[in-house]
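Dear colleague,

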Amino acid sequence: MSFYEKLQNPKNAIWTSILITLVFGFMVIISQLISTYLIIPLGLDYLPELFISFSIQFVFAGFACLFMIPFLLKTPKELKPYKDFLQVIRLSNHKPVDKLLFIGVTGTVFVLFFSLFLTSIPGNLILIPQNVFGPPIRDETMGWFGIIHHLIPGVWEEVYARGLVLAVLLRLYPKEQGRQRKAIIIGGIIFGCSHMLSVPILISNPIYILTQVVYASIIGIAFGYIAVGTGSLLPSIICHWLIDTFSVYIAPSGDFILFLILFMTAIIVASGFIIVLVYQTTDIGNFNKDKK
């Protein structure tokens with residue numbers, strides 16, 4: 001069996017998903033290195049520097065998801081025309097748009113509300129509105145440009161994780177057999193573990209990265225339910241983008257461990273509400289009932 005045949009074999013779906021993660025992570029790291037060592041030394045004003053760095057990272061991540069990884073998997077060769085590939089990864093389905101927007105915005109509200117509510121109970125919370133609405137200040141904050149910058153993870157991490165990886169895992173655990181739960185959970189864990197690819201931060205601040213791994217795994221599972229239930233990436237893209245954008249609005253104070261405990265509790269509760277929302281507004285549960 002050739003290398004490509006092994007990648008296409010549903011039995012190797014988990015290993016194929018890990019390979020996709022490594023390729024995507026490699027492209028993201030390359031784009032960040034270009035921004036750090038080629039763009040920043042040019043000495044541009046901060047705002048033009050942010051726009052150029054954003055453009056490079058956005059294009060690299062998009063190229064990895066839409067061309068490099070599909071070529072590696074020989075996907076376009078099997079799915080002709082290319083629009084069929086976009087359908088498989090749920091990137092071309094935007095209907096009904098009102099329902100998709102409702103789920104995306106509601107999911108965002110769940111996460112932000114519980115995060116703010118629970119972490120504020122003991123007073124372990126500082127609000128920093130200038131990090132979202134203020135001007136960009138070098139070495140301090142991206143300010144309003146963060147709304148644009150967070151389109152990179154908002155769009156492309158969803159295409160990579162809930163598009164490519166989840167599509168591969170659903171070959172092994174098909175929705176039609178009511179087995180999508182395993183694909184969603186494994187996909188969420190792989191997505192969470194992908195944050196360990198930030199090796200410099202992992203070495204300098206392992207607690208932060210491990211927190212990211214757990215947080216991203218939990219929220220990734222919730223996003224997986226959204227993607228499978230709606231058949232679209234639009235709601236999870238909206239959630240991911242808005243949550244990342246407004247997460248810089250808050251900062252911990254006081255007991256950091258207590259803040260982490262409350263924050264993780266908030267994410268678990270919010271993810272549970274998101275999953276219930278998906279079951280109430282989509283047909284994702286019908287397959288489980290048929291299987292039983």
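**The surroundings of F24**

Once its neighbours within four places in sequence are set aside, F24 is in contact with A61, A64, C65, I69, W156, E157 and Y160. Please keep in mind that this is a predicted model.

**Two pairs of helices**

Two packed helices are described by the angle between their axes and the distance between the axes. Helix α2, residues 13–39, packs with helix α3, residues 46–72, at an angle of about 155°, and their axes are 9 Å apart. Because angles over 145 degrees count as roughly antiparallel, α2 is roughly antiparallel to α3. The crossing in which α2 passes α3 is right-handed, and the contact of the two helices has 18 nonpolar, 5 polar and 1 charged residues.

For helix α6, residues 97–120, and helix α14, residues 256–281, the packing angle is about 155° and the axes are 8 Å apart, so that α6 and α14 are roughly antiparallel to each other. The crossing of α6 and α14 is right-handed. Among the residues that make the contact are F102, F110 and F114 of α6, together with F259, F263 and F273 of α14, and by class the contact of α6 with α14 divides into 16 nonpolar, 6 polar and 1 charged residues.

**Backbone details in the loops**

Most residues other than glycine have a negative phi, and most peptide bonds are trans. Against that background, the peptide bond from K95 to P96 is cis, with omega near -10°, and P96 is found in the loop between α5 and α6. In the loop between α5 and α6 you will also find R90, which is not a glycine and yet has a positive phi of about 65°; R90 counts as buried, at 11% relative accessibility.

D139, a residue other than glycine, has a positive phi near 65° and is placed in the loop between α7 and α8. D139 is exposed, with a relative accessible area of 75%.

Conventions: Residues are numbered from 1 along each chain as its sequence is written. This is a predicted model: local features need pLDDT of at least 70, side-chain atom pairs count only at pLDDT 80 or more; totals for chains, interfaces and linings use all residues. Side-chain values use heavy atoms; hydrogens and water are left out. Axes are lines fitted to C-alpha atoms, for helices over the stretch in contact, and angles run from 0 to 180 degrees between N-to-C directions. Helices (H or I, at least four residues) and strands (E, at least two) are DSSP runs, numbered from the N terminus. Angles under 35 degrees count as roughly parallel, over 145 as roughly antiparallel, 65 to 115 as roughly perpendicular and the rest as oblique. A crossing is left-handed if the near helix is turned anticlockwise from the far one by less than a right angle, and right-handed if clockwise. Ala, Val, Leu, Ile, Met, Phe, Trp, Tyr, Cys and Pro count as nonpolar, Asp, Glu, Lys and Arg as charged, and the others, Gly among them, as polar. Contact means heavy atoms within 4.5 Å. Buried means under 20% relative accessible area, exposed over 50%, partly exposed in between (1.4 Å probe, protein chains only).
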